[in-house]
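Visitor: Please show me the model. I have some questions about labels and cut-offs.

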Amino acid sequence: MKRKYKFTTDKARKFTKHNVDLVVYGENVPETNVVHVSVEEGHFQEFYDEKSWFIYYIYEGNGTFVLNDEKIEVKATDLVTIPSKTRIHYFGKMKMVLTVFPAFDEKNERHIRFVDKTESPYFKG
């Protein structure tokens, strides 16, 4: 089988999930996924993954990640590494590159709860 080395945005799957715009590259590569993440207000679902690590590189904007109830302020050029089984949600306006290792598999994702926008430190009611 011929190895694929290059993945382009026109072949990537694009969708919105829980208020987050996602572009998934190399979706058929079992070892890892790379995802472009664009968020205007936050990811309003708290979840964790049974097997995968989530590694976010923030290249634009700022926000707050909430990892197992710990609030972590982030800004452009920060790297956030999140081990499997860590509860995740976040707030803010950011553009990020997300690496998921091993590759995301929906059967390993566990929904905890939907997060209300009023929980955001950036909420302007």
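Visitor: Why is Glu 119 called partly exposed?

Guide: Buried means under 20% relative accessible area, exposed over 50%, partly exposed in between (1.4 Å probe, protein chains only). Glu 119 has 36% relative accessibility, so Glu 119 counts as partly exposed. This is a predicted model: local features need pLDDT of at least 70, side-chain atom pairs count only at pLDDT 80 or more, and totals for chains, interfaces and linings use all residues. Residues are numbered from 1 along each chain as its sequence is written, and side-chain values use heavy atoms, with hydrogens and water left out.

Visitor: Which label does Arg 113 get for accessibility?

Guide: Partly exposed, because Arg 113 has 28% relative accessibility.

Visitor: How do you know that Glu 46 is buried?

Guide: Glu 46 has 3% relative accessibility, so Glu 46 counts as buried.

Visitor: What makes Glu 46 and Arg 113 a salt bridge?

Guide: Their side chains meet at 2.7 Å, N to O. Glu 46 lies in strand β4 and Arg 113 in strand β9 (residues 109-114), so the pair ties together parts 67 residues apart in sequence.

Visitor: Which residues are linked in a network of salt bridges?

Guide: Glu 46, Asp 69, Arg 87, Arg 113 and Glu 119.

Visitor: How many salt bridges does the rule give?

Guide: The count comes to ten.

Definitions and conventions: Salt bridge = Lys/Arg side-chain N within 4 Å of Asp/Glu carboxyl O. Helix = DSSP H or I, 4+ residues; strand = E, 2+ residues; numbered from the N terminus.
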